[in-house]
Amino acid sequence: MKSKLNTYRSLLIISFLIINCLILYGVSATWTFFNTGADKATILHLPGELESAYQPKVNWNVTNQQGRSMETQTLRELEKDYKNAWYVKYSALASNNPFGLADYYTSDAKDYIERLLDYNRTNDIYTRGTSIQHNPELLFYSLDGKLVVFTDKNLETFEETYVDDKLLHRESSIGSYQVTMLLEDGFWRIRQLVKIASKKPSLGRRTVNVNKINKGINYYPKEHPWDMFSENFNDSIVQKDFVLLKKMDFNSVRIFIPYKAFGGPNVKISCLQQVHSLLDIAKKQQLKVLITLFDFYGNYDVLDWTLTHRHAEHIVNSLKNHDALLGWDIKNEPDLDYESRGKENVKAWLTAMAKQIKYWDTKHPITIGWSNPEAAIDLANEVDLVSFHYYGSLENLFNRYQKLKEQVPDKPLVLQEYGYSSYSGVWNGLISSENKQADYLKAIQKFISDEELPYFLWTLYDFEKIPNAVAGRLPWRKTKQKYFGLLDTGGKPKKAYQVLLKNKKGNN
């Protein structure tokens with residue numbers, strides 16, 4: 001009996017000690033939280049840090065400010081909270097939920113937005129939008145360091161308004177605002193955002209150099225199709241292949257940059273250096289390179305636009321002065337995303353991206369790699385070259401091409417992808433062969449010659465493996481994709497290769 005009482009006493013003492021430790025830990029954690037502050041992205045429970053979800057371009061002008069001199073660190077904090085205020089506002093308008101507004105707006109400014117949200121909820125209205133570029137000019141910074149006034153001139157925004165889940169209006173606009181922000185409990189909050197007169201900015205004169213392509217090819221090394229950069233990049237292999245392409249009389253190469261593998265908005269420097277190396281090799285062989293900027297990308301949500309803009313900006317500004325650069329292909333076959341992502345959503349993203357690239361690079365042409373001639377009519381006014389792909393029957397090629405030519409009479413046309421699989425196995429009913437591939441290319445090369453149509457053939461090599469992301473898992477689709485090359489997986493020329501050589505001799 002005595003031993004049981006001792007056991008109970010021990011359990012009570014241990015429980016008392018554990019409870020007191022937990023209480024002390026809780027008090028300590030609370031004290032630390034209120035004395036060191038918290039990450040506002042964590043407080044808001046938004047998906048990831050706000051900085052990684054939203055990255056509009058911000059160009060500060062602090063040359064004419066009055067009052068206290070602006071500290072570099074303070075300017076960083078001010079910019080961070082100002083950008084986050086726009087993101088939280090658009091998040092609220094998209095969900096009609098005011099969550100997070102109090103962290104970035106003072107009471108009066110927050111109340112104004114909440115009244116708008118109340119109205120929208122009542123009328124089943126919501127808005128999806130983003131700001132694209134901010135141009136703040138600092139006017140005043142108070143001596144106590146708690147108030148700033150600045151203008152945000154020619155702020156670019158894009159908004160979609162929905163009523164009863166149906167798109168009512170889509171608009172890209174430029175406006176200017178005078179902004180007052182207050183420093184409260186360590187964070188900058190918007191007190192006033194007043195619209196002021198705005199003068200439409202001049203984008204400058206574009207002097208596009210539309211290089212003559214003549215004869216191009218879509219390129220991947222045979223060991224790493226659809227995955228040639230990062231740890232798979234080998235400049236010796238690229239050098240060997242580009243020497244071969246030059247001997248085959250090709251003068252242009254199309255390559256692909258995978259969005260996620262390159263780091264998305266935070267482009268990997270190592271990957272950019274590899275593209276530089278590829279361009280250097282191309283220059284030595286007198287080859288021009290067309291760069292497809294968004295491969296394996298399919299999210300056109302307006303809330304993610306700024307992330308794709310930063311991806312393109314890094315790449316375009318890094319490579320635009322290279323002598324081997326031919327131009328920019330924004331996206332490979334975006335029309336295939338029409339059904340799943342919405343045609344107008346895809347077109348809106350492409351239009352905005354084309355505008356951004358024209359701003360960064362005023363010399364090189366822009367195109368979009370549409371999957372067929374009919375789709376290439378879309379956004380013809382936004383590009384410098386109208387590109388289309390063709391893998392259909394030869395009987396229909398002429399009529400489909402002529403229709404495109406009639407509908408887009410004032411832009412150069414490019415056959416950006418075409419080819420024929422030589423796979424002769426059971427998954428295609430034994431209907432193909434190297435002979436049929438050669439016959440197809442012979443006929444289409446004659447058409448190309450007659451029309452003086454620039455082109456990029458698909459492709460140099462057969463491939464041993466095709467990623468599921470390219471053709472899916474179905475063997476009758478996936479296997480066929482392995483055999484479009486002029487050379488087999490061992491590098492041995494196929495009969496289609498001889499067609500290209502004869503075509504070369506005929507042009508000499």
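How many nonpolar, polar and charged residues does the lining of the second largest pocket have? By class, that lining has 13 nonpolar, 7 polar and 5 charged residues. Nonpolar here covers Ala, Val, Leu, Ile, Met, Phe, Trp, Tyr, Cys and Pro; charged covers Asp, Glu, Lys and Arg; the others, Gly among them, are polar.

## Basis

This is a predicted model, where local features need pLDDT of at least 70, side-chain atom pairs count only at pLDDT 80 or more, and totals for chains, interfaces and linings use all residues. Residues are numbered from 1 along each chain as its sequence is written, and side-chain values use heavy atoms, with hydrogens and water left out.

Helices (H or I, at least four residues) and strands (E, at least two) are DSSP runs, numbered from the N terminus.

## Second largest pocket

A pocket is found on a 1 Å grid over the protein atoms alone: an open set of points where a 1.4 Å probe fits, with protein on both sides within 12 Å along at least five of seven lines. Lining residues have an atom within 4 Å of a point. A volume is the space filled by probe spheres set on the points, which are joined across faces, edges and corners.

The second largest pocket has a volume of about 670 Å³. Its lining counts 25 residues. Lys89, Tyr112, Leu116, Tyr177 and Leu193 lie nearest its centre. Helix 5 gives the largest share of the lining, 6 residues. Helix 4, helix 5, strand 5 (147-163), strand 6 (166-184) and strand 7 each supply at least two.

## Helix 5

Helix 5 spans residues 107-122, 16 residues in total. From first C-alpha to last, helix 5 reaches 22 Å, close to the 22 Å expected at 1.5 Å a residue. That expected span is 1.5 Å times one less than the number of residues.

Ala109, Lys110, Ile113, Leu117 and Asn120 are the buried residues of helix 5. Buried means under 20% relative accessible area, exposed over 50%, and partly exposed in between (1.4 Å probe, protein chains only). Seen down the axis, the buried residues fall within an arc of 95 degrees, so they line one face of the helix. The arc is that of the directions from the helix axis to the C-beta atoms. On the other side, Asp108, Tyr112, Arg115, Tyr119 and Thr122 are exposed. Cover for the buried residues includes helix 4 (72-95), strand 3 (125-134) and strand 7 (187-196). Asp124 follows helix 5, with a positive phi near 55 degrees.

## Largest pocket

The largest pocket holds about 1,000 Å³ of space. Of its 29 lining residues, Glu333, Leu336, Val470, Arg477 and Gln481 are the closest to its centre. The lining divides into 14 nonpolar, 8 polar and 7 charged residues. Strand 11 (325-332) and helix 13 (468-471) each supply at least two residues. The largest share, 3 residues, comes from helix 13.

Glu333 sits in the loop between strand 11 and helix 9 (338-341). Glu333 is buried, at 17% relative accessible area. Its phi is positive, near 50 degrees, in a residue other than glycine.

## Backbone and packing notes

Trp458 and Thr459 are joined by a cis peptide bond, with omega about 0 degrees. Thr459 lies in the loop between strand 15 (456-457) and helix 13. Asn154, not a glycine, has a positive phi of about 55 degrees. Asn154 is in strand 5.

Leu453 is in the loop between helix 12 (434-451) and strand 15. Leu453 is buried, at 3% relative accessible area. Leaving out residues up to four places away in sequence, Leu453 touches Asn214, Phe388, Tyr401, Leu413, Val414, Leu415, Phe447 and Ile448. Contact means heavy atoms within 4.5 Å. Leu453 and Leu415 are 38 residues apart along the chain, and their C-alpha atoms are separated by 7.0 Å.
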